[in-house]
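I opened this model to look up its strands and its ligand shell. My notes follow in the order I took them.

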Amino acid sequence: MDEETNPPIRQDYPESILGSQHRREAIRRLSEERLDVLVIGAGVTGIGCALDAASRGMSVAVVEQHDLASGTSSRSSKLIHGGLRYLEQFQFGLVKEALAERNLLLSRLAPHLVTRVDFLYPVQRLWERLYAGLGIGLYDLMASRGPRLLPRHHHLGRRRVARDAPALKDGSHKGAIVYSDALVDDARFVISAARTAAKLGASIATSTRVVGLSRSNDRVSGATVRCLESGRELQVSCGTVVNATGVWSDDIEAYAGESNSRVRASKGIHLVIHKHRINLESGLILRTTDSVLFVIPSGSHWIVGTTDSDWHLNRSHPAATHRDITYLLGTLNEVLTHPLTTDDIVGVYVGLRPLLDGDSDKTSKLSREHAVTTSVGGLVSIAGGKYTTYRVMAADTINAVRIDQGLDLPESSTDQVPLLGSEGYIKLRAQIGEIAEMSGVLPATVDHLLSRQGDRIYEVLDLIKEDISLAELIDPRLPYLRAEVVHAVRFEAALHLEDVLTRRTRLSIESPDRGTNSALQVAELMARELNWDQKRVDSEVAHYLDRVAAERASNEQFDDETADAQRVAVGEVRDNFN
Ligand SMILES: Cc1cc2nc3c(=O)[nH]c(=O)nc-3n(C[C@H](O)[C@H](O)[C@H](O)COP(=O)(O)OP(=O)(O)OC[C@H]3O[C@@H](n4cnc5c(N)ncnc54)[C@H](O)[C@@H]3O)c2cc1C
């Protein structure tokens, strides 16, 4: 092998390892040190804030009541995009900013996790072709600063669409426009960003919930944090608390005595359908009465979404009703040659958009802009926004912290900080065959691991070197390896069975049994790492099975209240331990 084809020199970053030692040290720091910043919430926004603060030299810790990305940040449409439909709402600033972020993520910050996706936009009439073509042309133009990373849109005639998209029935279009955007595995992105923040000195403690704020001299000066694994309460002292809790934002404001409601939760559901059921070469975007419907390629599946409706019930696990599911299937079936039925649904997931409350009755018409507020000294809240713009949101938030503390801080430089995994990724992509040969796994396995771990692939391959049985698949229908379970615990802060089944892997939505057949196997692998006894293994598995049963039951209900009741009855795995 010459220098060109040699795998890049491997870099180990021990500080980036989010295992049990990191968590223990994080809890120690939370209870013993005075931090510059305490971030509440480990969604993409909170982790983005921690990364921004750490990269400006601040001491920072994140507390998260559940798991990394367990809120909205693992339940999005997984698009890194400007949002074509926001152009129609004249939100040009938002679209332009988001497109600039998309390009940055694709090229420099996270090429291992953010990839190109093409969408077919079927058109019915000439005026529609002109109107949509103009909008998409503007979209392309707004993204054109710097090197062109994605191809420009192009038009297809009716016959070409019939050939490339046989799934679309005759008469459902008179041709189409094809445009390009970007896709991300949202949960994995947060994990990669969290490890990057840790590498820069941030401490991250999952399963820790803020249950109150402390004050001194009319300022918020810290928080009371409950560790949900031990039941212990900690008094955390800090310069500024950053409230990055998405749809929970108003709760944290209320701890500081603020009663204004600013965030409106809007529910969006997605269906996961096996690839072979919709015969398309690219993704699909359809106009609906209020919004758009996407069919998004995602590995061996399609993701179909989404809906947009107010949600006032349990925010940890919102429920998808039969009505939501019928709406998505019905809308898509209007254009499909072979209509889908509920039997085609492999998985369902639901998220809540933390939207800034506004004038419109309809949540789909509310702005996707973000707002940073300091309602009381020492507490900075960030609300609204989009996944795509998390980095800008984080920079604005830490700028507000700078003002709050009167600090002389450097400007944000996170546009120059590639996420962990991206550094050697491009080089490794060109060496899939060699890596497979050296490590004794299939090229398809290397491909799978690279697109999830980037240059951290060695961490997983090392585990396989130690124990070849870890190269086996968890579920023979899906590409996830047993080694990824061990890696999730040792490197990625997984503490409970559902962390692995729903966010470190996507077994919960990609397996037709929703991960139930893999639950025991995965729990036993985790038990070896986390010293669980049989009772703990049984309770983790039982909770997961109950959770899936409740989700299935809620999918049969017609209204939100009854669907939600199914889920609420199961509760949270973390709350069950104390
Ligand atoms: C259906 C849907 C589709 C979407 N699609 C896209 C898309 O394609 N592209 C895009 O750019 N954006 C999309 N979005 C928007 C995007 O997903 C969200 O803006 C983003 O994920 C919000 O992240 P967050 O970190 O602010 O909130 P969250 O991810 O919800 O994080 C908040 C965290 O705070 C924690 N927390 C709350 N209270 C406490 C407490 N007391 N103590 C400790 N922790 C606490 C929660 O557990 C949670 O993990 C979509 C949203 C939805 C719902």
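Predicted model: local features only at pLDDT ≥ 70, side-chain atom pairs only at ≥ 80, totals over all residues.

**Entry 1**

Residues are numbered from 1 along each chain as its sequence is written, and side-chain values use heavy atoms, with hydrogens and water left out.

I noted the conventions for strands. Helices (H or I, at least four residues) and strands (E, at least two) are DSSP runs, numbered from the N terminus. Two strands pair if DSSP finds at least two bridges between them.

I then listed the partners of β10. Strand β9 (residues 219–227) pairs with β10 in the antiparallel sense over five bridges. Strand β1 (residues 34–40) pairs with β10 in the parallel sense, over six bridges. There, V39 stands opposite V242. Strand β18 (residues 379–384) is also parallel to β10, with three bridges. In that pairing I found N243 opposite S381.

Is β10 buried or exposed? Eight of the eleven residues of β10 (residues 233–243) are buried, so the strand is largely enclosed by the rest of the structure. Buried means under 20% relative accessible area, exposed over 50%, and partly exposed in between (1.4 Å probe, protein chains only).

**Entry 2: the β9–β10 turn**

I went to the hairpin next. β9 and β10 form it with five residues between them. G231 in the turn has a positive phi of about 85°. G231 counts as partly exposed because its relative accessibility is 35%. I also checked a distance: the C-alpha atoms of G231 and T208 are separated by 9.3 Å, and the two residues are 23 apart along the chain.

**Entry 3: strand β11**

Which strands pair with β11? I found β16, joined to β11 by eleven bridges and running antiparallel. L271 has V348 in β16 as its bridge partner. Strand β14 (residues 301–305) is antiparallel to β11 over five bridges, and H270 stands opposite G305 there. Strand β15 (residues 309–310) runs antiparallel to β11, with two bridges. S266 stands opposite D310 in β15.

**Entry 4: the ligand shell**

How many residues surround the ligand? I read 37, and the closest are T45, E64, S73, L79 and T388. A residue is near a molecule if one of its heavy atoms lies within 4 Å of it.

I looked up polar contacts (pairs of N or O atoms within 3.5 Å). An oxygen atom of the ligand is 3.2 Å from a polar backbone atom of V44. For T72, a backbone N or O atom lies 2.9 Å from a ligand oxygen atom. For L79, a backbone N or O atom is 2.7 Å from a ligand nitrogen atom.

The protein covers 96% of the 1000 Å² of accessible area that the ligand has on its own (Shrake-Rupley method, 1.4 Å probe). The elements giving two or more residues to the shell are α2 (44–55), β2 (60–64), β8 (208–216), β11 (263–274) and β16 (345–356).

The shell draws at least three residues from each of domain 1 (15–73 + 188–262 + 367–416) and domain 2 (112–177 + 265–351).

Key. Polar contact = N/O pair within 3.5 Å; in protein donor to acceptor, adjacent residues only side chain to side chain. Domains from an automatic or database assignment.
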